[in-house]
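Hi everyone, thanks for coming. Please have a look at the model on the screen, and I'll walk you through it.

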Amino acid sequence: MAGRSRPKREKVRFHAWMGGRVRLQGRNRRGGYHGRTGVFLMVPHRSRSNRTLPGVGVTLLLAVTLVSCGRGADTPPASAPPVTTAPAPAPDPPPAPPPRELTWSGKVDMKLWSGIRVRTYKAALKRPTPPTLAILKIPSIHLEVPVHNGTSDAVLDLAAGRIEGTALPGTPGNVGIAAHRDGYFRALKDIKEGDELVLETPVATEQYRVEWIKITVPTDVSVIGATPGPAVTLVGCYPFYHQGPAPQRFIVRAVPVTASTTTASPLTRSPSGS
């Protein structure tokens, strides 16, 4: 109709929401917008041209690309660390051989023994026998005697005894062995340097040679002290036929058989025993 102003057409514009959704809004006559209430990301546009639509697509594509880069979606996964194979465990060592059972002949030559020593020995045979640690043999003087642990009367009335604090037979160190001078060890009066000494242990048969013979005082405990290598030290009272408490000690030191001691000629003990 003439004279009337035609109402302005509501123009539709695109607005992009933060989450990537696109909404349509109508523009009213006062230049505002109607529709649901919300917060929107306004995309610049030109009012009289639809050339802004490609810009909206580019903006959305760029935003998606940036977010993807931040998440590392386009980054290839890191290669897994190389799997290392643990070395095969070493095989267990072979088990140790079981201890040998020690047996001895049981033959005792008491021709050199004193009367009291013979009686105490026979009485000791009626009591339980202590465990045998070793068997001492000295072929040159026809001596064979079991070795029990300790130097109590119950032990020495029956056999020889390992001196407390010295090495156990079959282990490295100085094995101290004691016996009565009027019993088993009276035979030591005829021993000489270089004589063979055998010690049967639960582990092995050990071969020794007499290295030296010494007479010392009862307070000299150095003779049964630690040694650099394996050794056997025999200790008995001295003199062998002394009546009453003996004032001295008779010491025999033996060391393992080596090339030097095997070929060496026996040495005769001096009268002083040094």
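The chain has 4 helices and 11 strands; here helices (H or I, at least four residues) and strands (E, at least two) are DSSP runs, numbered from the N terminus. Before I go on, this is a predicted model, where local features need pLDDT of at least 70, side-chain atom pairs count only at pLDDT 80 or more, and totals for chains, interfaces and linings use all residues. Residues are numbered from 1 along each chain as its sequence is written, and side-chain values use heavy atoms, with hydrogens and water left out.

Of the 274 residues in the chain, 32% count as buried, and buried means under 20% relative accessible area, with exposed over 50% and partly exposed in between (1.4 Å probe, protein chains only). As for contacts, meaning heavy atoms within 4.5 Å, residues 24 or more positions apart account for 55% of those with a separation of 6 or more.

Now to the rings. How many aromatic pairs does a search of the whole structure find? It finds 6. Rings of Phe, Tyr and Trp (its six-membered ring) pair if their centres lie within 6.5 Å; planes under 30 degrees apart count as stacked, over 60 as edge-to-face and the rest as tilted.

Take Tyr 238 and Phe 240: the ring centres are 5.4 Å apart and the planes stand at 85 degrees, so this pair is edge-to-face. Tyr 238 is buried at 18% relative accessible area, and Phe 240 is buried at 8%. Tyr 238 also pairs with Phe 250, with centres 5.6 Å apart and planes at 25 degrees, so that pair is stacked. Tyr 238 lies in strand E10 (residues 231–238) and Phe 250 in strand E11 (residues 248–256), so the pair ties together parts 12 residues apart in sequence. Elsewhere, ring pairs link Trp 113, Tyr 121 and Tyr 184 into a cluster.

One more ring to look at is that of Tyr 241. The charged end of Arg 186 sits over this ring, 4.0 Å from its centre; the rule is NZ of Lys or CZ of Arg within 6 Å of the ring centre and within 35 degrees of the ring normal.

Let's finish with Thr 216, in strand E9 (residues 205–216). Is Thr 216 buried or exposed? At 9% relative accessibility, Thr 216 counts as buried. Leaving aside neighbours within four places in sequence, Thr 216 is in contact with Gln 248, Arg 249 and Ile 251.
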